Amino acid sequence: MLTQTLDQQYLAHTYNRFPLEIVGGKGSLLRGADGREYIDLGSGIGVNIFGMDDDEWRNAVTAQLSRFQHVSNLYYSEPAAKLAQMLCERTGLKRVFFSNSGAESNECAIKAARKWAAEHKGPEYCSIITLRGSFHGRTLGTLAATGQDVFHRDYQPLPGGFLYAQPGECEALERLAAEHPCAAILFEAVQGEGGVRPIGQEFASCLQEVCRKHDLLLMADEVQLGNGRSGSLYGYMNYGLQPDVVSTAKGIGGGLPLGVTMFGERVADVFHPGDHGTTFGGNPVCCAGAVNTLSRIDDRLLEGVRERSDYLRRTLQAAPGIRSVTGMGLMLGLEIDIPAREFAERALREGVLVTTAKQKIRLLPALNIPMELLKTAAQALVHCAAE
């Protein structure tokens, strides 16, 4: 209880925490200060993609720590260069900028789009279209990009230059692009904070076509869905898209802060020295961990993600009290009969950790969670739904 008391006294009240202190764990089993073990279906909100205290990742990180922990971007470091090479080779994109978080990776994408459009189309082409229900971060810029009024309410005036389209409404998207001087469209293949909602193949194809027709950049926000969670390396790949810009974070760092913005051919050289920067982005310890993470996201792992996803869908869709299962891969949302927080608290009592997204339960387990452990957790959720 001491930790909870200190937290409540000294930390800003920005989180509605569950009454559990984590003190350790291994893989998808976490240990609480109460002495219980919990099956983790949240993985730090999609961060610990190989679970807690992963041996290979830890060894890669500590090996780099024994060399040097930080060097400014005025000098070269091998982990950042190697990670950038791996990302480009795996995606077909051309250059990478490293930062520290998903919001920063999206800020970089927004800046790149506006600079590219000003140079190629004119300075008035500065608007960026995002989608209703989207979530792109908590800086003022990425809050403005986020298509949810609830996140805008207390922080007016937000930066301008963003337009919002309704997912699935291609004609309305087309009108926005035709009637306004735009630079880009920014989208999530599955809207995570917006309720774990896939945009669907038809609308995904529409995004690509509108960008082609109006000479816009297509920018994929892969902060939560990326790095294997969708069952492909990145979620946009499931829709056959080829974005000009891709942002990611969370799982790529494996537990350390790392944001990534990747640029395709059209945008590869938009930035020049002094146009953008960061102190900690490309940190060698974070990048060394990410090199290990990315090297292990292979066909076998992705097949396992799809297998686990199929099992969860089959098991949970049939359960009384669960109305639907949405999402992609191991980013799934459960529409349930009771308030999401109440369900999450039931699951906690059953020894299973989940997160929420709007009125849904959001599942983000480690990509390699053992099947037997996943089955145990799924049956606990079935029990919670039936209470």
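Two strands pair if DSSP finds at least two bridges between them, and strands (E, at least two residues) and helices (H or I, at least four) are DSSP runs numbered from the N terminus. Strand β14 (residues 331-336) and strand β17 (residues 360-363) run antiparallel and are joined by four bridges; L332 has L363 in β17 as its bridge partner.

This is a predicted model, in which local features need pLDDT of at least 70 and side-chain atom pairs count only at pLDDT 80 or more, while totals for chains, interfaces and linings use all residues. Residues are numbered from 1 along each chain as its sequence is written, and side-chain values use heavy atoms, with hydrogens and water left out.

**The sheet and its helix**

The open sheet has four strands in the order β13-β14-β17-β16, with antiparallel pairing. Its edge strands, each of which pairs on one side only, are β13 (322-328) and β16 (355-357). From one strand to the next the twist averages 30 degrees. Helix α11 (residues 299-317) packs on this sheet and touches β13, β14 and β17, where contact means heavy atoms within 4.5 Å; the direction of α11 makes about 165 degrees with that of β13, with angles running from 0 to 180 degrees between N-to-C directions and axes being lines fitted to C-alpha atoms, for helices over the stretch in contact.

**Two packed helices**

Two packed helices are described by the angle between their axes and the distance between the axes. For helix α4 (residues 78-91) and helix α10 (residues 284-295), the angle is about 35 degrees and the axes are 8 Å apart. Among the residues that meet are L83, M86 and L87 in α4, and A288, V291 and L294 in α10.

**Salt bridges**

The structure holds 23 salt bridges, each being a side-chain nitrogen of Lys or Arg within 4 Å of a carboxyl oxygen of Asp or Glu.

K213 lies in helix α9 (residues 201-214) and E174 in helix α8 (residues 170-179), so their pair ties together parts that are 39 residues apart in sequence. By contrast, E209 and R212 both lie in helix α9, three residues apart, which is about one turn of the helix. E209 counts as partly exposed at 38% relative accessibility, whereas R212, at 56%, counts as exposed; buried means under 20% relative accessible area, exposed over 50%, and partly exposed in between (1.4 Å probe, protein chains only).
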